[in-house]
Amino acid sequence: MSLSLLFAFRKYILLQRMPCCSDDDEGIDIFTHQPSRSAFTSLNDSAMGEDIREMKSPEVLSETPAVVSMDENPESLKSKKLGMYFVESDNRRSPFAGGYTTLGTTPVNIHGKPITDLSKTGGWLAAFFIFGNEMAERMAYFGLSVNMVAFMFYVMHRPFTSSANAVNNFLGISQASSVLGGFLADAYLGRYWTIAIFTTIYLVGLTGITLCATLNVLVPNQDECNQLSLLLGNCEPAKPWQMFYLYTVLYVTGFGAAGIRPCVSSFGADQFDERSRDYNTNLDRFFNLFYLSVTMGAIVAFTAVVYIQMELGWGFAFGALAVAMAISNIVFFVGTPLYRHRMPGGSPLTRVAQVLVAAFRKRNASFDSSEYVGLYELQGKRSAVKGSGKIAHTDDFRCLDKAALRLKEDGTNMSPWYLCTVTQVEEVKILLKLIPIPTCSIMLSVILTEYLTLSVQQAYTLNTHMGRLKLPVTCMPVFPGLSIFLLLSLYYVIFVPLSRRITGHPRGASQLQRVGLGLAISIVSVGWAGVFERYRRNYAIREGYEGSFLSPMPGLSAYWLLIQYCLIGLAEVFSVVGLLEFLYEEAPDAMKSIGSAYAAVAGGLGCFIATILNSIINSLTGNEEKRQTSWLSQNINTGRFDYFYWLLTALSIINFCVFLYAARRYKYRVTDTVETKDLPQR
C-alpha cells in the first residue's frame, strides 16, 4: 500500500508542475476518439479517490494519442475502457525498428529528401502538368473504347455481340487491375515512378494496336466484304493468331492504363499542402478540374479521333492515340522538378495480413482480463508505418483491436505478426469502412458500359443530321462529355451557391451527398432511356424498318438520345468526382493510391457485371429452337432494349437504397476537432 501511495504522490507532484487545462484548451475526447494536438493522461491511484482528468502538455505532438507509460502498474489498467490508454514503447524488434519520424504530411523530392522550400514545388503549376498527362491518357482510353467495337466488327469480322463483350472485358480488366498499380505505388515505387513505368507500357500497347490497323498481314482479307456480307456473316473471319495478337496488344494497353489510373489523381492531390488553410478548397477544385481534363480528353476522342478514322482510316486513328500518349509522357516528365512526392509506406497487404494474423492469434483474449496492459503504439511523433502519421483509435471492428492488445504474457515478443500498433490496426479498419461506398458506384459503371454499346446501336437506326451536318454515330457519346464540361464550368457559379443554401455545407454538398445525387440522376437517365427506346422500337415497326436495323429512319432524330446522355453525364460528374475526393481524403496516408484504386476497381467490376448481365439476359430471353428473339438481339428493332433498360432502372433503385443506408452509417474521419473531457471514475 505504501508503494502505491508513493507512486501516486510522485505522479501528483509531476502534474502540479504542468499547466492545467482550461475549458478552451485543446485536448482529446477519448470517447469519440478525436485526435489531439497535445494530450497527457494523468493517472491517480485508486487509493487517492480522485477523478481521472486529461491534461494538456505542449511537449507531446498532435499525432500522439493519450498514453500511459510502460512503468505503470498493469493491475491499475485492467478495468479501463478499450482505447482509453495506449502503451508506448521503443522495444520493437521488427522491420521498422523504432518507427519513422517522417510523417505522412511531409512532402519529399524525387530522391526522398524532405523539401525545405515548398514555395518552389507543388501547387497548381505542378498540377497542370498532371492535368495535361491525364487529358492525353483519357483521350487514348476513350478513343479505344468507342472505336474498338467497330474495328472488331468491320475489320476483324467478329460478331457485334462478341466484339462488345471483348471491349467490355478490356475496360473491366484495365480498371479492376488498378489495385495492382495502387499497391506498387503505395508499397514500393511511389506514385511518380509507377506512373512513369506504366505510361510507357501504355504507349507500347497503343503502338501495337496501330500496327494491327496498318499492316494487312495482321487483319483478315477485306475484299468483297460489304455491309450485307457483314450482316450475313459471309466475310472472311480473322485467323486465331491475328485475334491473339490483337487481344495481346489490347490487354497490354489495358495493363498500362491500370497502373496509371489509381495514381494520377492521388499524385495530383499530393501537390497541395494539407497544412494550408485553403487545403480543402484547393482539393475540391483540383478534383473538379482533374475530371474536367478527363472530359476534355473524352471529347477529343469522340470527335477528332472519329473524324480521323472516317477520313484517313483506322491506322491513322489509332496512330493519333499513340502520338497523344507520347506527348502525354513528355508533358509528365517535363514537370518532374516541380513535383512533391510522398514516401511509399511498404507493402500495405503485408500490414493488413499482420493485423489479421495478430488479431486471430489473440482472438480468445479478453479486454477485461487482468492480463490486459494496453493498446500498443510508438512514442512521440514516430509512426510504425513509413510515410504515414499516427491515426487515432476508433471503436469500430473491435475484434481487430486485439492485434494491438498488449498482454503481460507478450514479454519481449514484439513481432508485428503478434503485436501491431494502433495506427496499423486503424489502417485496416479504414479500408474496411470504405468498401461499401465505392461498391454502390458499381451500378453506375454498369449503366455507363451498357450505354457505350446499346446507345450506339440505337443511334444507327436514327437520323443524326444536325441541319446540313451529319454526325457519325460514333460521335454520339461526346454529348455526355459536353454536359460534364458545361456542369464543371458552371459548378462554382451555379451549383455551389444554390446547394449551399439547402445543405449549409461550405462547398455546397459533402462528398457522399454528391455521390448520392449522381446515383439518383443515373436512375432518371436509364429510366428515360427505356421510355424512349419503347417509342423508337414502335416507330420502327410502324414505319416498316423492322428488318433494317442499320438503316437510319429519317423521321426520327438521334438527338432524343441527348436526354439520357446528358443526364448520365451529370450523374457521372457528381458521383465520380465526389467518390475520388472522398477516397483520397478518407484513405490512410500510406494507402492513398489503393484508396483511389477502389473507384477504378468498382468501375472494372461494373464492366464485368455488364458482360455477365448481357449473357444472362441473352440465355434467358432468347431461344433459337423456338425462334424466340433475345432482348439484346443484334437486330435492335426485334429485340427489347426497353425491357433491359427498365431492368437496369429497378437495379439502380435498389442500389440507391443500399447506398443511402451505407452513407448514413458512415462517419467521416475527424482530423482537427478537439475538446477536453473529464474521465469517469475507475
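User: Hi! How many salt bridges does the structure hold?

Analyst: Hello! The structure holds twelve of them, and keep in mind that the model is predicted.

User: What lets two side chains pair up like that?

Analyst: Side chains of opposite charge can pair when their charged atoms come close.

User: Okay, which residue does lysine 433 pair with?

Analyst: Lysine 433 pairs with aspartate 396, and their closest N and O atoms are 3.2 Å apart. Lysine 433 sits in helix α10 and aspartate 396 in the loop between β5 and β6, so this pair ties together parts that are 37 residues apart in sequence.

User: Is lysine 433 buried, exposed or partly exposed? And what about aspartate 396?

Analyst: Lysine 433 is partly exposed, because its relative accessibility is 22%. Aspartate 396 also counts as partly exposed, at 32%.

User: What does lysine 429 do?

Analyst: Lysine 429 forms a salt bridge with aspartate 401, with the closest N and O atoms 2.9 Å apart. Here too, a residue of helix α10 meets one in the loop between β5 and β6, so parts 28 residues apart in sequence are tied together. Both lysine 429 and aspartate 401 are buried.

User: Which residues are joined into one network?

Analyst: Glu134, Glu137 and Arg138 are, through salt bridges that share partners.

User: Switching topic: how do helices α7 and α15 cross?

Analyst: Their axes come within 10 Å and cross at roughly 135 degrees. The two helices are therefore oblique to each other, and α7 passes α15 in a right-handed crossing.

User: What about phenylalanine 532, buried or exposed?

Analyst: Phenylalanine 532, in helix α14, is buried, because its relative accessible area is 3%. Its C-alpha atom is 8.0 Å from that of leucine 561, which is 29 residues away along the chain.

User: Last one! Which residues make the nonpolar surface patch?

Analyst: Leu486, Leu490, Val493, Ile494 and Leu498 make it, and the patch covers about 460 Å². Val493 sits in helix α13 and counts as exposed because its relative accessibility is 58%, over the 50% cut-off.

Definitions and conventions. Residues numbered from 1 in each chain as written. Predicted model: local features only at pLDDT ≥ 70, side-chain atom pairs only at ≥ 80, totals over all residues. Heavy atoms only, no water. Patch = residues over 30% accessible without salt bridge, like charges linked within 9 Å, V, L, I, M, F, W, Y side chains within 5 Å. Areas by Shrake-Rupley, 256 points an atom, 1.4 Å probe, with all protein chains shown as cover. Salt bridge = Lys/Arg side-chain N within 4 Å of Asp/Glu carboxyl O. Helix = DSSP H or I, 4+ residues; strand = E, 2+ residues; numbered from the N terminus. Buried < 20%, exposed > 50% of the residue type's maximum accessible area, 1.4 Å probe, protein only. Axes fitted to C-alpha atoms, helices over the stretch in contact; angles between N-to-C directions. Parallel < 35°, antiparallel > 145°, perpendicular 65-115°, else oblique. Left-handed = near helix turned anticlockwise from the far one by under 90°.
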